[in-house]
Amino acid sequence: MSEITIEAVPERSADPNAPLLEVTDYRVGFKTERGLAKAVDGVTFRLARGRTLGIVGESGSGKSVLNRSIMGLVVSSNQIEEGSITFDGTEIVDTDRQPFWGNRMSMIFQDPMTSLNPVMKVGKQIGEPLKLHLGMDKKQARERATELLTQVGIPEPTRRLDQYPHELSGGMRQRVMIAIALAGEPDFLVADEPTTALDVTVQKYILDLLGELQRDREMAMTLITHDLGVARGRTDDLLVMYGGRVMEQAPTEVLFSAMRHPYSEALLESIPTLDHPKHTRLNPIPGSPPDIVSPPPGCRFAPRCRYAQDRCATDLPELVSDGNHHYACFYPVGTEAGAEALQTNIERGQTAVGLRVSAEGRLG
Amino acid sequence: MAGTGSAHLRDDPNVLLRVEDLVVEFKAGRKGTVHAVSGVSFDVMDGETLGLVGESGCGKSTTAKAVIQIPAPTSGEVLYNGTDLAALKGEDMRRMRPEIQMIFQDPISSLNPRRKIRDVISEGLAVWGDAHGTWSQDRIEELMIAVGIDPKYGDRRPHQFSGGQCQRIGIARALALDPKVLICDEPVSALDVSVQAQVLNLLEDMKTRYGLTLLFISHDLSVVKNVSDRIIVMYLGKAAEIGDAEELYHRPRHPYTRALLASIPEPAPTVDVHEGDIAGELPSPINPPDGCRFNTRCPHADDICFTDEPIMTQVGDADHFVACHHPVDVTIRT
């Protein structure tokens, strides 16, 4: 630990009303043998203190790369980062973000089984950032670690400090991860699928806990999830990503009440819900996510979309705004253009890219 | 929620699989015993789908594995078509295996990475042959087409396919021997929602096409509701509640089932359950609580719950059984 030195932590800005995080036309690419893989392709959002931005999309949509890149965790000579990110007034693209880690920005990972060091006692793992970032000594760090474990609802915290991760259950380990991430009281937390590996009752506990801690500390958070139920209940704003691009972006309630993008609609319709009678036929999204090295021309989602027209296969839709609701689609759901496009596809029995459309407007 | 008893077993000639008082225990350390499954009974009719739902550590996978005798249960009967599998030995058991096949949670690691998928799918046939003791590549192609994998990719290896495709290959492998029963152990929990829907639809199609009976294990209550005719909720090695899928979700009686339902984050909230949170941690299966096993976390627990184990009893006239001293009687809005 002694090799790591932390330079002066950047000061917090004086204006509490300024957005904490401002991401503008942000792009992340990876050089591969086949060409540049555009993992994040032009993402823009603002995140204020105390707010939660949900980021939704399938595997490979770029949601994790986006957040890891904001944190400065994707460090590779093959990586290209463009655009602008200001964190509390400081431009951080192309800079070393390590000075921010711990007490300005922090992250919890998806897999609590593998994100903790298996050969280090829990207490030491929580104490490490405290000693490193807050300059505490061993005794202070241990006391604070006990407090943190109590805060995240771990019974018998003092006994747990001397246990190894394998002695804890999955839900407990995730709580230890949260305790570590929150040890430095960060302003911004990235939660990358924090509950995906957990049971529903534990998931509810962890999400309630995160919400509570967030309210107490005015902490901003991005919550990456593929679960639309979690996204709906736990976020203020939502960003729907597909193939590295933003498909739809809006306050969560607006997005669910006036869904515009066919991809958001398709995601929502593919999940089974409790009010469906048993053996209800589900509506999967046919095909698979796009190749981000040489994506198809036109809309990335066109090859899997039931609204697709000729234009979708050639022109790339840009984000258009309807107040605070943004979407990238020529034939949005719930508009006249969208209804017409679907009707056209129903009549000809297929979309412009040749996907079969049934008389009810379903794919396949 | 310790629920023993067998009131819910049906006396019907169409019962294909009947598990009675299944107990699975493992040695832990020098003295301890893990009580993984303690006296679970259920039956599955020909062509029915039984959903097995519960949290990690409730014994649902162990139950499924005990059905196919890997490992054999500590005690209890597993009657398949009237034959007790637990009593079969060696060659007799081997002859029975093609009848009950299984698909697994992690589709990629359940396929041998070094083999072509054509060989992965055909291995069972190479051992058994079909009904006439022969088989051909046509049968493999038919299976691949049935599960939606283009036969021209037969020479590829598992890493060249996505997770969803690997799960399709796993299904084709399980179906190659024309099984009667297919055990699905969390078959979609590693998949994206869009792919999950594809695989669930495929399972329903295969069930119709090949006349399968399914034992479907999942921790996702919405998924289980979608595929199952009847559902059994498990907690810490015991059955808590059993019933028709619609009935069970409409009128959950067991406090644990209600807590589970209340925890689901729904994108379009339709179910209104206010059970309150269940507190505390899952007790250790090495030293499970006396009486009802749910008593350490149950908001309704009183004296009797700590001394007497609740017995599975029918509630109302419907196909609905619950093992609880204080079943809740509030219909939830759906």
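Gly59(B) touches Ala36(B), Val37(B), Met234(B) and Gly237(B), leaving aside residues up to four places away in sequence. This is a predicted model. Gly59(B) sits in the loop between strand E3 (49-53) and helix H1 (60-67) of chain B. Is Gly59(B) buried or exposed? Gly59(B) has 25 C-beta neighbours inside 10 Å, so Gly59(B) counts as buried; the cut-off for a buried residue is 20 or more. Gly59(B) also lies 9.7 Å from Ala239(B), C-alpha to C-alpha, although 180 residues separate the two in sequence.

**The chains**

Chain B holds 10 helices and 12 strands. Its radius of gyration is 21 Å, close to the 20 Å from the globule rule for 334 residues, so chain B is as compact as a globular protein of that length. Chain A holds 11 helices and 12 strands. For its 364 residues a compact globule would have a radius of gyration near 21 Å, and the 22 Å of chain A agrees. The table sets out further values for each chain.

| Chain | Span of C-alpha trace along principal axes | Buried residues | Contacts at least 24 apart, among those at least 6 apart in sequence |
|---|---|---|---|
| Chain A | about 75 × 45 × 40 Å | 48% of 364 residues | 66% |
| Chain B | about 65 × 50 × 45 Å | 48% of 334 residues | 67% |

**The sheets of chain B**

Eight strands of chain B form an open sheet. Their order is E6-E7-E8-E3-E9-E10-E12-E11, and the pairing is mixed. Strands E6 (100-103) and E11 (313-314) of chain B are the edges, each pairing on one side only. E6(B) pairs with strand E7 (residues 181-185) of chain B in the parallel sense, over four bridges. Within this pair, Met102(B) has Ile183(B) in E7(B) as its bridge partner.

Four strands of chain B form another open sheet, in the order E2-E1-E4-E5. Here the pairing is antiparallel. The edge strands are E2 (32-45) and E5 (83-84) of chain B, and each pairs on one side only. Strand E1 (residues 15-28) and strand E4 (residues 75-80) of chain B run antiparallel, joined by five bridges. Leu17(B) stands opposite Tyr80(B) in E4(B).

**The interface**

The contact between the chains takes 35 residues from chain B and 36 residues from chain A. On the side of chain B that touches chain A, the elements giving two or more residues are helix H6 (193-210), helix H7 (221-227), helix H8 (245-250) and helix H9 (255-263) of chain B. Which element gives the most to that side? H6(B) does, with seven residues. The residues on the side of chain B that touches chain A comprise 14 nonpolar, 12 polar and nine charged.

**Helix H6 of chain B**

H6(B) has 18 residues. At 1.5 Å a residue they should span 26 Å, and the end C-alpha atoms lie 25 Å apart, which agrees. Its buried residues are Val193(B), Ser194(B), Val195(B), Gln196(B), Ala197(B), Gln198(B), Val199(B), Leu200(B), Leu203(B) and Met206(B). In an α-helix there are 3.6 residues a turn, so residues three or four places apart point the same way. What do the buried residues of H6(B) pack against? In chain A they pack against helix H9 (262-270). In chain B they pack against helix H4 (137-147), helix H5 (163-175), E7 and H7. E7(B) is also the parallel partner of E6(B), and H7(B) is also among the elements on the side of chain B that touches chain A. Just after H6(B), Gly211(B) takes a positive phi of about 60 degrees.

**A buried glutamine in chain A**

Gln125(A) lies in helix H2 (residues 122-134) of chain A. Gln125(A) counts as buried because 20 C-beta neighbours lie inside 10 Å. Not counting residues up to four places away in sequence, Gln125(A) touches Leu116(A), Asn117(A), Met120(A) and Ile180(A). Ser64(A) is 61 residues away along the chain, and 24 Å separates its C-alpha atom from that of Gln125(A).

Key
Residues numbered from 1 in each chain as written. Chains lettered and ligands numbered in written order. Predicted model: local features only at pLDDT ≥ 70, side-chain atom pairs only at ≥ 80, totals over all residues. Pairing = 2+ DSSP bridges. Contact = placed C-beta atoms within 7 Å. Nonpolar A, V, L, I, M, F, W, Y, C, P; charged D, E, K, R; others polar. Rg over C-alpha atoms; globule rule 2.2 N^0.38 Å. Buried ≥ 20, exposed ≤ 12 C-beta atoms within 10 Å, placed from the backbone. Expected span 1.5 Å × (residues − 1).
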